[in-house]
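Here is a friendly tour of one protein model, with the sequence and the structure side by side. Keep both in view while you read the notes below.

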Amino acid sequence: MRLKITYLLTLLGAITAPLAEARSAGCGKNAPSSGVKSTTVNGKNRQYTLQVPANYNPKKEHKLVIAYHWLNGNMGAVVNGQYYGLQPLSEGTTIFVAPNGLNAGWANEEGEDIAFTDKILQTVQDSLCVDESNIFATGWSYGGAMSFSAACSRPDVFKAIAVISGAQLSGCNGGNTPVPYLGIHGSADDVLNIGLGRQLRDKYIGLNGCQSKNAPEPSPGSSNRIRTDYSCRAGYPVTWIAHGGGHVPDPKDPGQSQSWAPGETWRFFTQDGLKGDTGGGDPGTTTTLVTRTTTTGTGPTSGPCAARYGQCGGQGWSGPKCCESGTTCTFGNDWYSQCL
């Protein structure tokens with residue numbers, strides 16, 4: 001009887017071990033304050049801004065998003081932009097980090113920015129309760145390039161990345177392991193041509209086992225956007241959103257004051273099935289779903305309403321308070337309601 005109980009306990013431990021491993025070492029500890037932090041990497045002083053949720057619970061695992069700035073940008077600008085608009089969508093479930101690049105960029109010489117990222121991850125996971133299976137990276141322009149580099153170098157760390165108007169500027173050490181990939185790029189981009197964005201996308205189309213598919217794109221200056229969701233190895237989706245705008249971090253639909261990019265990014269990061277989560281099936285199989293291409297952004301059906309995923313309410317909100325056809329203004333918190 002004792003042998004049977006021991007066997008059952010061992011089996012239970014084996015089943016629950018992956019769940020326990022997702023909890024970082026910082027769970028249960030007193031949280032550090034939000035604000036600018038300093039660390040030393042390869043003999044250089046580096047800084048980043050840490051944002052801990054106001055309702056932080058040290059016993060509950062939180063998502064972690066690292067948001068890299070653009071060339072000549074800085075961590076403060078990312079913070080002011082609410083981490084590319086993702087912070088209000090997270091509703092207190094997520095820890096955010098905005099690192100500062102050397103010389104206001106992410107050249108990543110000899111992998112020093114990856115080493116900086118590693119140091120941030122170690123520090124945050126040791127001091128805060130992080131769900132280590134839900135760590136993401138995003139950025140615009142040079143920040144998008146650094147997000148791509150992070151996926152190449154640390155595919156087992158990052159659950160998914162979102163690259164906005166990026167190119168391969170920060171290197172790609174490794175780059176042989178699949179990672180869920182979202183790319184957003186403007187066909188009128190005259191800084192980093194959309195073809196450079198396609199190169200990043202196509203790398204993960206190959207790595208993620210996606211079916212080759214033509215992805216239509218709006219003509220430069222067009223007011224619409226086209227989203228293509230590729231059919232890929234289960235758990236490793238690739239999504240490509242092309243719009244008719246230029247080199248911008250916050251593309252908008254006509255007549256809208258709010259960008260649709262944050263909603264698309266958050267949708268991608270939180271979808272079921274990423275890397276084998278519930279709803280995604282066996283990550284070792286290939287889906288047989290037909291690639292879906294959706295054209296949106298021709299404007300609301302009537303009146304100046306917010307587009308899908310756009311903000312539609314909240315304290316101090318002066319923008320549109322109605323939503324485009326097919327969506328509903330959904331309360332998130334006192335400061336943010338969203339068209340879903």
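**Helix α5 and its surroundings**

Helix α5 covers residues 112-127, and its 16 residues reach 23 Å from the first C-alpha to the last, close to the 22 Å expected at 1.5 Å a residue. That expected span is 1.5 Å times one less than the number of residues, and helices (H or I, at least four residues) and strands (E, at least two) are DSSP runs numbered from the N terminus. Please bear in mind that this is a predicted model, in which local features need pLDDT of at least 70 and side-chain atom pairs count only at pLDDT 80 or more, while totals for chains, interfaces and linings use all residues. Residues are numbered from 1 along each chain as its sequence is written, and side-chain values use heavy atoms, with hydrogens and water left out.

- An α-helix has 3.6 residues a turn, so residues three or four places apart point the same way.

**Around V157**

- V157 sits in the loop between α6 and β6 (160-164), and it is partly exposed at a relative accessible area of 27%.
- Leaving out residues up to four places away in sequence, V157 touches L121, E132 and I135, where a contact means heavy atoms within 4.5 Å.

**Confidence**

- The chain has a mean pLDDT of 86, and 81% of its residues reach 70 or more; pLDDT is the predictor's confidence in each residue, from 0 to 100.
- Residues 1-20 have pLDDT below 50, and this stretch makes zero contacts in the model beyond near neighbours in sequence.
- Residues 279-303 also have pLDDT below 50, but that stretch has 52 contacts beyond near neighbours in sequence.
- Where pLDDT is low, the predicted coordinates should not be read in detail.

**Salt bridges**

- The structure holds twelve salt bridges, each a side-chain nitrogen of Lys or Arg within 4 Å of a carboxyl oxygen of Asp or Glu.
- D118 pairs with R154, their closest N and O atoms being 2.7 Å apart.
- This pair links distant parts of the chain, with D118 in helix α5 and R154 in the loop between α6 and β6, 36 residues apart.
- D118 is partly exposed at 27% relative accessibility, and R154 is partly exposed with a relative accessible area of 27%.
- R225 and E264 form another salt bridge, with 3.6 Å between the closest N and O atoms.
- R225 lies in strand β8 (residues 225-229) and E264 in helix α8 (residues 261-270), so this pair ties together parts 39 residues apart in sequence.
- R225 is buried at 6% relative accessible area, and E264 is buried at 4%.
- The side chains of R227 and D229 meet in a salt bridge at 3.2 Å, N to O, and both residues are buried.
- A network of salt bridges links R225, R227, D229, D253, E264 and R267.

**Aromatic rings**

- There are eight aromatic pairs in the structure; rings of Phe, Tyr and Trp (its six-membered ring) pair if their centres lie within 6.5 Å, and planes under 30 degrees apart count as stacked, over 60 as edge-to-face and the rest as tilted.
- The rings of F136 and F269 are stacked, because their centres lie 4.5 Å apart and their planes are at 20 degrees.
- F136 is in strand β5 and F269 in helix α8, so the pair ties together parts 133 residues apart in sequence.
- F136 is buried, with 1% relative accessible area, and F269 counts as buried at 2%.
- Y181 and Y204 are stacked too, because their ring centres are 5.4 Å apart and their planes at 10 degrees.
- W70, Y84 and W140 form one aromatic cluster.

Terms used: Buried means under 20% relative accessible area, exposed over 50%, partly exposed in between (1.4 Å probe, protein chains only).
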